[in-house]
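Have the sequence and the coordinates open as you go.

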Amino acid sequence: MNFTKFVTPLILVVLLLAGCIAPVRNSMIEPQAGQWQTWVVTDVATVRPPAPPNQEITQQELQELKALVAERDADALAQVRYWDAGAPSYRWLQIALTQIRSKPLTNPRVARGLSLLNVAIYDALVATWDAKYNFNRPRPAQVDPTLTTLVSTPNSPAYPAEHAVVAGAAAAILSYLYPDDAAVFQAKAEAAGRSRLLAGVQYPSDIEAGFALGRAVAAKVLERAAADGSDAIWDGTMPTGPGHWVGEKPIEPLAGAWQPWVLTTTDEFRPPAPPAPDSEQGMSELQEVKTITNTWQTTAKALYWQTFDGIFTDWYEYANQYIFEDHLDTNPPAVARIYAAMSVAQYDAILACWDAKYTYWSIRPNQVDATVVTLFPTPRHPSYPSSHACDSSAIAAAIAAYFPAEAEFLDALADEAGESRLWAGIHFRSDIDAGLTLGRAVAQKVMARVQEDNP
């Protein structure tokens, strides 16, 4: 009996599972992504890097890689493992969320920062894919099969390096948001780029061109940020009288005038005025707040949705789970497109929400009736509509557009985020209903733009 035909495939399977050989991939990664519609870069050709080095320099770079590979140590292996987890933008989104959690911003500014970050990364990767398939530079191990790689060679051209592109763009945006920590972000960017050399899947010139491209795109995004109206100073004028919010230092009263990404104007989906507190509906809604009987589950959920993770981080964790489950983590532009759509939908929804809040200056339940007991201090902004309902429904709808099998679950989560504000005693029913409607309307327009422009 000829055992070779049985033993050889078995050996190959064992080697593949052990990571000794790279899996075979049957198709190139998004060869058309360089044609996808961008948010800020009007023509990707304007940021396209110069041609990669010639064969002679490429051979020199191969020798540099072999020398680097020979010096790999435990720290090098750890760096490669860390930066190779997920798509290139995966780690940078984690870094951003950790940074914001440790040095908080107002919710509108968190949403703004995340949208700037994800738009810059997405636009930079579209430009990267344009350059990759324009130059079609082979990966190092394709030129020299004796080169040992630590990760599977991506099935896309080498130049420029996608990890360096993302690192250059992300570090620039984060340095703008947190200038005191710019050196930290730059060090992380350099580590991300070096990890691809240690892995053996990029040339030094790929990394250099990637950094330059990422920074060039980030500069264009930051030009837009400088003119988006977020630096305007409020004059401190508050309306007075029955039904109006009462408090000091209202949070971001001008956020509704900041420049949105997709909405024509932030009042495009402005809801009608809320019911007056002394109207039949207003009194009925106040009674609902006063008669809420919380259980430990509703209290726990209300406290959870008040956290930073409930508002921002965990929505990205859900998206990450679906990305990994669908094996999209090896597709950098597709992942960046999802993150960008999520952050744009949430940001535009928050601007639309803030427009309505500071149009109506609606009073909070405990300001109508001081006997209302809240689970935590009432936020320093008007009641109508509920911000949690607005931004949760918007980002949930954006995720669901890419993962429709999860739509029912995500929709229910958004509803729960809205309902949690009633359990906490800080919103009326009409605040929540208007917020959910507004957020979903904004998301629908954002996703129509994204899906129309990106096949």
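Which helices each supply at least two residues of the lining of the largest cavity? They are α12 (308-325) and α13 (332-360), helices here being DSSP runs of H or I with at least four residues, numbered from the N terminus. The model is predicted, so to speak of local features pLDDT must be at least 70, side-chain atom pairs count only at pLDDT 80 or more, and totals for chains, interfaces and linings use all residues. Residues are numbered from 1 along each chain as its sequence is written, and side-chain values use heavy atoms, leaving out hydrogens and water.

**The cavity**
- Searching the whole structure turns up 1 cavity of 30 Å³ or more (a set of points on a 1 Å grid over the protein atoms alone where a 1.4 Å probe fits but cannot get out).
- The volume of the largest cavity is about 30 Å³, taken as the space filled by probe spheres set on the points.
- Its lining (residues with an atom within 4 Å of a point) includes G86, Y90, N320, F324, D329 and Y339.
- Helix α12 gives the largest share of that lining, 3 residues.

**D348**
- Helix α13 also holds D348.
- A polar atom of the D348 side chain lies 3.1 Å from the backbone nitrogen of L263.

**A183**
- A183 sits in helix α8 (residues 182-199).
- A183 counts as exposed because its relative accessibility is 63%, where exposed means over 50%.

Technical notes. On a 1 Å grid over the protein atoms alone, a cavity is a set of points where a 1.4 Å probe fits but cannot get out, and a pocket is an open set with protein on both sides within 12 Å along at least five of seven lines; lining residues have an atom within 4 Å of a point. A polar contact is a pair of N or O atoms within 3.5 Å; within protein, one must be able to donate a hydrogen and the other to accept it, and residues adjacent in sequence count only if both atoms are side-chain atoms. Buried means under 20% relative accessible area, exposed over 50%, partly exposed in between (1.4 Å probe, protein chains only).
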